[in-house]
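Dear colleague,

I am passing on the structure we spoke about, with the sequence and the model shown just below. My notes on what was found in it follow.

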Amino acid sequence: MVFIKFLKTVDHSALIPHLFRTEYSKIIAVLCKTFGMDFLESAEDIASETFSTAMLTWPYKGIPPHPTAWLYTVAKNKAKNQLWRSRKFNDLSKDIKIENHEMMDAYLDLSNHNIKDSQLQMLFAICHPVISVESQIGLALRILCGFGIDEIATAFLTNKETINKRLYRAKEKLRESDIQICPPNDPEIEARLETVITTLYLLFNEGYYSETNDQIIREDLCAEALRLAGILSENILTNTSEVNALLALMNFQYSRIAARKNNLGDIILYDDQDDDLWDQVCIQKGVVYLHKASTGDKVSSLHLEATIAWWHTQKEDTKEKWNSILMLYDHLLKIKNTNWVALHRIYAMYKISGYKAAIIEIEKLPRLENQYYYTLLGELYVHEDKSKARAYFIKAIQITRLAQEKKLLEKKIMTLSTSD
Amino acid sequence: MIVTLIYKNQLIFSRDDCLECFFPKQCPIFITSIVMRVNHIFNHSKTNYIMEEYVLIMRHEDGAKVASPEQMQEWMKQTMDWIGSIVAQNKFVGGTGLPFDEARVINHDKIVTNGPFGDLKETIGGFITVKAESIEEAVAFAKGCPVLQGPGNTMEVRRIAKNDGVH
């Protein structure tokens, strides 16, 4: 009869997807908030060892009734053992004097409230201008999202050694600069929050426009960026109009994640997407955030981008839609003059005034060595000069590293020849 | 429905369900027709009679390797599926994982080292005990172990000695 009991305990529905990844970041955030940045590496080890203990127990004994609580108990015990053994804690933080195990319990507070606080403070500590934005994203992925070095390397299209080195240097820098893990104080918040927002914005884009062929990692990056931005909006100090605009933007974009590819993983362009697959709940959430974002008097680039993204959730191609989008891009170009914005503005112009006007505009731009530039050029020349269009598409194929994008461009070239 | 099993002119069973099998619904050989049902009971009595116990030992090449939380969860899930499939056949006896931390190796001169890393390349990550009709069946179980996905990792299958005068 013991087997029947066993079968019942090994119920996979009890195993929350990404449980370890989620708990990894929580355990580290709480440990580091308590013992400081110096404890970061030990905290990473403790979290890893906790899962390794689960891995060596759960398959044989069954999943415990409260998996999360089980993990916290193990993590706490591991932390206690390590601290008692090394007796290093008195050097770590001068404020903490721990004389017995009970006192340690009070410091290792894995309550929901303290976890949220710790993650927010950790987010501010990691998104610190003393380290490069690339390192900030890498560290956020590792420490706040629980990604493995392999997964980060895949996302950045690089190898494990590069990521390991980058993260190691970033951690050293944070330690040397004596970055504190504490609630950002009022006068600091505005300046620091801007860095945090930029990092999350880039983290989301890393997923949405990533050149990695690993679809799951791409979606996970977007979901994690959304989750971290959610932490900001849940705290009264950081729930600013810009944070809400960021959340609106991310939700509008994220709503199309499922519609952007077919069963084979091929890319489906915006115009060809099945809008039944657009996640209406996500869009509604975005609308709520956009509404909250419009309370302040400041119009940031995020506000404009979120509004553009909202127009994209309206499937119907109306004149009003593309006129509004063009106007918003005109405005955006004034505060954020990047080639990326310029290309998108030209596409909007093409939608309203046709390819001739758009070609004139794109020729004004300096030549950009990216696949989006050449794809748009090809797209515009389809109507004017087919051989030119073909040459531009081929150029884009040579540049892109994404297999699905190559396939899509090849399809475009195919349609060129058939319509001859 | 009463099922009667007569094997070699001897009455072996006469009852209305197969009590040999703890979970007929999951049992791959559970079939409703009366004849097959007799066979079913027969198979169980047969297997219970001649089955041996084997230990399947998971050997890792590098026990200290650090995996990402997501990988760990995936491996754990695979291990659960693997054990679950053996449980479903009523052939799982028991088992455990063996944590690598605080492992010690005692040498013949009684010198204790932190191990099993270092000189020894290989280390045991855990084992399970199964019932099987033959070494081949035990090997088939071992082949399903997710540990084998790691290059360099191996499974060792050993029969457990019985104290019955036969072996």
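Chain A of this predicted model has an average pLDDT of 85, and 91% of its residues score at least 70. Among the elements of chain A, the mean pLDDT is lowest for H1(A), at 43, and highest for helix H13, residues 241-254, at 95. Over residues 1-10 of chain A the pLDDT stays under 50, and for this stretch the model has 16 contacts beyond four places in sequence.

That stretch should be kept in mind when you look at the interface. Here 30 residues of chain A are in contact with 27 residues of chain B. On the chain A side, at least two residues each are supplied by helix H1 (2-9), helix H2 (19-35), helix H3 (40-61) and helix H9 (149-155), and the largest share, 12 residues, comes from H3(A). By residue class, the side of chain A that touches chain B divides into 18 nonpolar, 8 polar and 4 charged residues.

Within chain A, H2(A) also packs against helix H7 (residues 112-126), with the two axes 8 Å apart and at an angle of about 80 degrees, so that H2(A) and H7(A) are roughly perpendicular to each other. From H2(A), the residues that meet H7(A) are Ser25(A), Lys26(A), Ala29(A), Val30(A), Cys32(A) and Lys33(A), while H7(A) brings Asn114(A), Ile115(A), Ser118(A), Gln119(A), Gln121(A) and Met122(A) to the contact. The residues of this contact divide into 5 nonpolar, 5 polar and 2 charged.

Leaving aside residues up to four places away in sequence, Thr212(A) touches Thr154(A), Ala155(A), Leu157(A), Ile217(A) and Arg218(A). The C-alpha atom of Thr212(A) is separated by 7.7 Å from that of Arg401(A), although the two residues are 189 residues apart along the chain.

Turning to chain B, there are 3 helices and 8 strands, which follow the pattern β-β-α-β-α-β-β-β-β-α-β when read along the sequence. Of the 167 residues in chain B, buried residues make up 20%. Among its contacts between residues at least 6 apart in sequence, 67% join residues at least 24 apart.

Chain B contains an open sheet of 4 strands in the order E4-E7-E3-E8, with antiparallel pairing. E4 and strand E8 (154-159) stand at the edges with a single partner strand each, so one side of each is left without a neighbour in the sheet. Neighbouring strands of this sheet are turned by 15 degrees against each other on average, direction ignored.

Two of the pairings can be followed residue by residue. Strand E3 (residues 52-60) and strand E7 (residues 123-132) of chain B run antiparallel and are joined by 9 bridges, with Ala132(B) in E7(B) as the bridge partner of Glu52(B). Strand E4 (residues 92-97) pairs with E7(B) over 5 bridges, also in the antiparallel sense, and here Gly94(B) has Thr129(B) in E7(B) as its bridge partner. Helix H3 of chain B (residues 135-143) lies across E3, E7 and E8 of chain B, running at about 150 degrees to E8(B).

With best wishes

Methods:
Residues are numbered from 1 along each chain as its sequence is written. Chains are lettered from A and ligands numbered from 1 in the order in which they are written. This is a predicted model: local features need pLDDT of at least 70, side-chain atom pairs count only at pLDDT 80 or more; totals for chains, interfaces and linings use all residues. A residue is buried if 20 or more other C-beta atoms lie within 10 Å of its own, exposed if 12 or fewer, and partly exposed in between; C-beta atoms are placed from the backbone. Two residues are in contact if their C-beta atoms, placed from the backbone, lie within 7 Å. Ala, Val, Leu, Ile, Met, Phe, Trp, Tyr, Cys and Pro count as nonpolar, Asp, Glu, Lys and Arg as charged, and the others, Gly among them, as polar. Axes are lines fitted to C-alpha atoms, for helices over the stretch in contact, and angles run from 0 to 180 degrees between N-to-C directions. Angles under 35 degrees count as roughly parallel, over 145 as roughly antiparallel, 65 to 115 as roughly perpendicular and the rest as oblique. Two strands pair if DSSP finds at least two bridges between them. pLDDT is the predictor's confidence in each residue, from 0 to 100.
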